Amino acid sequence: MIESMCSNMQELKQYVANKRKQRAFQHYELNKVHGECQPFTDREYKQVKLRGKSSYSQVSKYTMHKMWRDSHEKYDLKQVKKAIL
């Protein structure tokens, strides 16, 4: 698309400069309407729920499925090596 609009380097530089000015003006207009970005207040920060560490990454591991499928059996070292290999 840019190739069809710009045939040489000067036109490309001018095109990029104009696009940057347009983007800056749009950002200026948004700030004029909505105001600048501000950090959370204490009340807003306390409403954000953060999740802690979970054990979901272990679910997809091969050994968790293969070894613990029959949880009533006791495994010794030979069976564990056989399950992994």
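Is Cys-37 buried or exposed? The legends below take up this point and others in turn.

**View 1. Overview of the chain, a predicted model with 5 helices and 0 strands.** Because this is a predicted model, local features need pLDDT of at least 70 and side-chain atom pairs count only at pLDDT 80 or more, while totals for chains, interfaces and linings use all residues. Residues are numbered from 1 along each chain as its sequence is written, and side-chain values use heavy atoms, with hydrogens and water left out. Read from the N terminus, the elements follow the order α-α-α-α-α, where helices (H or I, at least four residues) and strands (E, at least two) are DSSP runs numbered from the N terminus. The accessible surface of the chain, computed by the Shrake-Rupley method with a 1.4 Å probe and with only the protein chains shown counting as cover for residues, is about 9000 Å², and 55% of this surface belongs to carbon and sulfur atoms. Of the 85 residues in the chain, 5% are buried, a class defined as under 20% relative accessible area, with exposed meaning over 50% and partly exposed in between (1.4 Å probe, protein chains only).

**View 2. The cysteines Cys-6 and Cys-37.** Cys-37 has a relative accessible area of 79% and is therefore exposed, whereas Cys-6, at 12% relative accessibility, counts as buried. A disulfide is a covalent bond between the sulfur atoms of two cysteines. With a disulfide taken as a pair of cysteine sulfur atoms within 2.5 Å, the count comes to 0.

**View 3. Helix α2 from end to end, residues 9-34.** The 26 residues of helix α2 should span 38 Å at 1.5 Å a residue, and the end C-alpha atoms lie 37 Å apart, which agrees; the expected span is 1.5 Å times one less than the number of residues.

**View 4. Side-chain pairs within helix α2.** The whole structure holds 1 aromatic pair, formed by Phe-25 and Tyr-28, which is tilted, with 6.3 Å from centre to centre and 35° between the planes. Rings of Phe, Tyr and Trp (its six-membered ring) pair if their centres lie within 6.5 Å, and planes under 30 degrees apart count as stacked, over 60 as edge-to-face and the rest as tilted. Phe-25 and Tyr-28 are 3 residues apart in α2, about one turn of the helix, and Tyr-28 counts as partly exposed at 46% relative accessibility. The whole structure also holds 1 salt bridge, meaning a side-chain nitrogen of Lys or Arg within 4 Å of a carboxyl oxygen of Asp or Glu. Glu-29 forms a salt bridge with Lys-32, their closest N and O atoms being 3.5 Å apart, and because these residues are 3 apart in helix α2, about one helical turn separates Glu-29 and Lys-32. Glu-29 is partly exposed at 27% relative accessibility, while Lys-32 is exposed at 53%.
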